[in-house]
Amino acid sequence: MAERALTLSQFILQQDYSNPEASGEFTSLLMDIALAAKMINRLVIRAGLVDILGLTGDENVHGEQVQRLDVFAHETLHQILGSTGQLAVLASEEDEGVVPVPPGQRVGKYVVNFDPLDGSSNLDANVNVGTIFSILPRITRKGGGTLEDCLQPGHRQLAAGYVMYGSSTMLVYTTGDGVHGFTFEPSIGEFMLSHPSIRTPSRGHVYSANEGNERTWPEGIRRYVDWLKRDDAATRRPYNLRYIGSLVADFHRNLLYGGIFLYPGTARNPQGKLRVLYEAAPLAFIAEQAGGAASDGHRRILDLQPTSLHERTQLFLGSEEDVRECEAFLQGRHPELTTERRNHRPAARSGTRPAERRAVGATDGVARDRRAKKDRRARTGRR
Ligand code: F6P
């Protein structure tokens, strides 16, 4: 007999029964996030019809143009979560400071950091966008929550998840007990369990990166991606490049099929582009819970201690073997590089040099170009 279809709320309650530690408050917080997701979904899928698309004319704290749907998503999450009575404080990618619980509302013991509509620059092209959320316990004891509550390392997360809006809308989350995916059934307005206990393959054969930035990536990453393109049956190379430019969609595909998402430092964003609190930490929690890995190239993303709300990081995320290999290239200790050094062979790519060893060397491409120019000047004697 076919197994009974489970709604998100039934699934969460079932998990609660088997976990005596589970608190009803936490469960209702997850349900409120799902409610906000349904409201955002309603608008996202109608965006083309109701002429809601377009820019507000404002810039967010990162200097990016704010879409009207960004604002709607932010306000919806703020209104719903702010009035649950479960939260001490919120932080949103769209807001410069922490977002307090609205006056008059009960202050609770949880903190939610969220990116209301990630990838929204793709909205006009009808590409998948997503909401990413991270739930933490508050640290402060009294009054409204503070910045300190929001700035916690990812390993303290109680839950993390994302909603991917698109032709079929999905909610994927973890509470540290595996990763579960739910597909929205619009006719009954429910998220139905469709992907229980998601496991990501230990190695994929897809890489996802904005390769347009390649010239200013750290040298180790340039070497890694170059290596991914070479033939080798054992590691299923060459890998395929798949890049949507909408983090939730790129992450979701790689979570299911395996592979690696890379956003290294670049000349424009030497520390990386993606935000620790709203993007890297929650997706790292999900990746690890599905058997994958997440790194800034040197450290586990979940161990990063954020020092400001909108801090950015390099991000290497996905299948465990792929992430470890990428780290080894970045740190200059991959067997490919060590063999090359031992044999004193010239680097495989023209103009390359031993791989990057510093924490973030994103401007290496620029430095290399400068060095090359200087060498040329020295050779030709021209200024
Ligand atoms: O952080 C916003 C975001 O749109 C992510 O969803 C996405 O992965 C990334 O930026 C894309 O950046 P770029 O346009 O530089 O490739």
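**A buried threonine and its surroundings**

Threonine 174 counts as buried, its relative accessibility being 0%; buried here denotes under 20% relative accessible area, exposed over 50% and partly exposed in between, with a 1.4 Å probe and protein chains only. The model is predicted, so local features need pLDDT of at least 70 and side-chain atom pairs count only at pLDDT 80 or more, whereas totals for chains, interfaces and linings use all residues. Residues are numbered from 1 along each chain as its sequence is written, and side-chain values use heavy atoms, with hydrogens and water left out.

Threonine 174 belongs to strand E8; helices (H or I, at least four residues) and strands (E, at least two) are DSSP runs, numbered from the N terminus. Its side chain reaches the backbone oxygen of glycine 178 at 2.7 Å. This is a polar contact, a pair of N or O atoms within 3.5 Å; within protein, one must be able to donate a hydrogen and the other to accept it, and residues adjacent in sequence count only if both atoms are side-chain atoms. Beyond its neighbours within four places in sequence, threonine 174 is in contact with Leu158, Ala159, Ala160, Val179, Phe285, Ile286 and Gln289, contact meaning heavy atoms within 4.5 Å.

Phe285 and Ile286 are among the buried residues of helix H7. Twelve of the 14 residues of H7 (residues 276-289) are buried, so this helix is largely enclosed by the rest of the structure. Just after H7, glycine 291 adopts a positive phi of about 95°.

Strand E8 leads in turn to a sheet. Eight strands make up this open, mixed sheet, in the order E4-E3-E5-E6-E7-E8-E9-E10. Strands E4 (99-100) and E10 (190-195) stand at the edges with a single partner strand each, so one side of each is left without a neighbour in the sheet. Helix H6 (residues 247-257) packs on the sheet and touches strands E5 (110-118), E6 (129-137), E7 (159-165), E8 (170-174) and E10. The direction of H6 makes about 105° with that of E7; axes are lines fitted to C-alpha atoms, for helices over the stretch in contact, and angles run from 0 to 180 degrees between N-to-C directions. Valine 89 stands opposite proline 100 in E4.

Further pairing involves strand E13 (residues 260-263), from which Ile260 and Leu262 point one way and Phe261 and Tyr263 the other, all of them buried. E13 pairs with strand E11 (residues 206-208) in the parallel sense over two bridges, and serine 208 stands opposite phenylalanine 261. With strand E17 (residues 315-318), E13 pairs in the antiparallel sense over four bridges; there isoleucine 260 stands opposite glycine 318.

The model also holds a ligand. Of the 13 residues around the ligand, Asp118, Tyr243, Leu247, Tyr263 and Glu279 come nearest, a residue being near a molecule or strand if one of its heavy atoms lies within 4 Å of it. Oxygen atoms of the ligand also lie 2.9 Å from a polar side-chain atom of asparagine 210, 2.9 Å from an N or O atom in the side chain of lysine 273, and 3.3 Å from an N or O atom in the side chain of arginine 275.

For the protein as a whole, the secondary structure comes to ten helices and 17 strands. Of its 383 residues, 53% count as buried.

Conventions: Two strands pair if DSSP finds at least two bridges between them.
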